[in-house]
Amino acid sequence: MQSIPIKNVNGGHLVDPFQRQYYYLRLSITDQCNFRCNYCLPDGYRPEANKPQFLSLSEIDYLARAFAAMGTEKIRITGGEPTLRKDFLPIAETLAQIDGIRQLALTTNGYRMAKDVAAWKAAGITSINVSVDSLDPKMFHQITGINKFDEVMRGIDLAFEVGYQKVKVNSVLMKDVNDSEFSQFLAWIKDRPIQMRFIELMQTGEMDGFFQRHHLSGQLLADKLLENGWQLQQKSRTDGPAKVFRHADYRGEIGLIMPYEKDFCASCNRLRVSAKGKLHLCLFGEEGIELRDLLQSAEQQPLLQARIFAALQGKREHHYLHQGDSGVRAHLASIGG
């Protein structure tokens, strides 16, 4: 499919009222997940009856072309677990071929990684984030509800074998659950080109009690790193929210995602679209702006771009997590994290 020539909105870039520019789209392609992580979907995936199907390949193509025309340079495919879609590879191939998209990232639970990582690379996936919340197989099983630790680890090893120079590994460190493994994770990346990313547990509507019991401030980890010779790195404009630290004695890196940090939202550069076609201006926010009715033909692209730009003008300066307001989000799987 070819996008039709139109005038770029606002000089080709998405800019909000606070002069933040948006180069990065997190695109969910499914709500479905086959893990039951205790901080996200402890009861497993529950499909909603009589709800719209996930975006089709053609709708995804129209959507991504509109964003690319407005300056988006990076797309991250998310879920749920995006690789559960039978057409995952055609989706990746389609996105990778869109003019202007320089980075095509994937966030996965690693379930299919050992089997399919070579195919992901061939399809155009340029970088991979895989979730590993514990290096202890028993704790991994306890957190995820799935006994697949060895397969996920093998998938990470194979990613390097097929040509990925770096793999990002996500872990939600939780007080009295897996926080004692911090030093073990550091040792794990000593000689591996892994960016180990610790994500601060975030409050969502269904998980208030869990949050109160297990939240661990990311600032405690940042202080510990700085005390031990790790140095904070500068971000590039398409980087995500992680603060990245490096150490001369380590091949790997540490990334900290700290949504409760002061001014966390000041560097926001990403928008989100749900698997059913709603634009979300914030992970913790509103019900979303419907885009799907404008994803049916290339001729709708000017209207689609205009709606996206207009919606962005209503983006808030920051979230309200500090006030205990997690917005309407019941759990993170509903929007791709």
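User: Which backbone oxygen lies 3.5 Å from a polar atom of the S171 side chain?
Analyst: The oxygen belongs to V132; its distance from a polar atom of the side chain of S171 is 3.5 Å. Please keep in mind that this is a predicted model.

User: Where is S171 found?
Analyst: S171 is part of strand β7.

User: And is S171 buried or exposed?
Analyst: S171 counts as buried, because its relative accessibility is 0%, and a residue is called buried under 20%.

User: Which residues does S171 touch, not counting those up to four places away in sequence?
Analyst: S171 touches V132, D133, N178, F185, M196, R197, F198 and I199.

User: Why does the F182 and F198 pair tie together parts that are apart in sequence?
Analyst: F182 lies in helix α6 (residues 182-188) and F198 lies in strand β8 (residues 194-200), so the pair ties together parts that are 16 residues apart in sequence. Both F182 and F198 are buried.

User: Which aromatic cluster includes F140 and F149?
Analyst: F140 and F149 form one aromatic cluster with F35 and Y111.

User: Which residues of helix α4 are buried?
Analyst: Helix α4 covers residues 137-144, and M139, F140, I143 and T144 are buried there. Seen down the axis of α4, these buried residues fall within an arc of 120°, so they line one face of the helix.

User: Why would residues a few places apart point the same way?
Analyst: An α-helix has 3.6 residues a turn, so residues three or four places apart point the same way.

User: What do the buried residues of α4 pack against, and which residues are exposed on the other side?
Analyst: The buried residues of α4 pack against β6 (127-131) and α5 (149-161). On the other side of α4, K138 and Q142 are exposed.

User: What follows α4?
Analyst: G145 follows α4, and the phi of G145 is positive, near 75°.

User: Which residues other than glycine have a positive phi?
Analyst: Q19 is one of them, with phi near 65°. D176 is another example, with a positive phi of about 65°. For background, most residues other than glycine have a negative phi.

User: Where do Q19 and D176 lie?
Analyst: Q19 is in the loop between β1 (14-15) and β2 (21-22), while D176 is in the loop between β7 (167-173) and α6.

User: Buried or exposed, those two?
Analyst: Q19 is exposed, because its relative accessible area is 62%. D176 also counts as exposed, at 65% relative accessibility. The cut-off for exposed is over 50%.

User: New topic: which peptide bond is cis?
Analyst: The bond from G79 to G80 is cis, with omega near 20°. G80 belongs to the loop between β4 (74-78) and α2 (88-96).

User: Which residues does UniProt list for "binding site"?
Analyst: The unreviewed UniProt entry lists R26, R76, T107, K168, R270, L271 and R272.

User: Where are R26 and R272, and are they buried or exposed?
Analyst: R26 lies in strand β3 (residues 24-28) and counts as buried at 11% relative accessibility. R272 lies in strand β12 (residues 270-273) and counts as buried at 8%.

User: Finally, how many helices and strands does the protein have, and what percentage of the residues is buried?
Analyst: The protein has nine helices and 14 strands. Of its 337 residues, 56% are buried. The protein exposes about 15,000 Å², of which carbon and sulfur atoms supply 47%.

How values were computed:
Residues numbered from 1 in each chain as written. Predicted model: local features only at pLDDT ≥ 70, side-chain atom pairs only at ≥ 80, totals over all residues. Heavy atoms only, no water. UniProt positions renumbered as here; feature names shortened; annotations may be inferred. Helix = DSSP H or I, 4+ residues; strand = E, 2+ residues; numbered from the N terminus. Buried < 20%, exposed > 50% of the residue type's maximum accessible area, 1.4 Å probe, protein only. Areas by Shrake-Rupley, 256 points an atom, 1.4 Å probe, with all protein chains shown as cover. Arc of directions from axis to C-beta. Contact = heavy atoms within 4.5 Å. Phe/Tyr/Trp six-rings, centres within 6.5 Å; stacked < 30°, edge-to-face > 60°. Polar contact = N/O pair within 3.5 Å; in protein donor to acceptor, adjacent residues only side chain to side chain.
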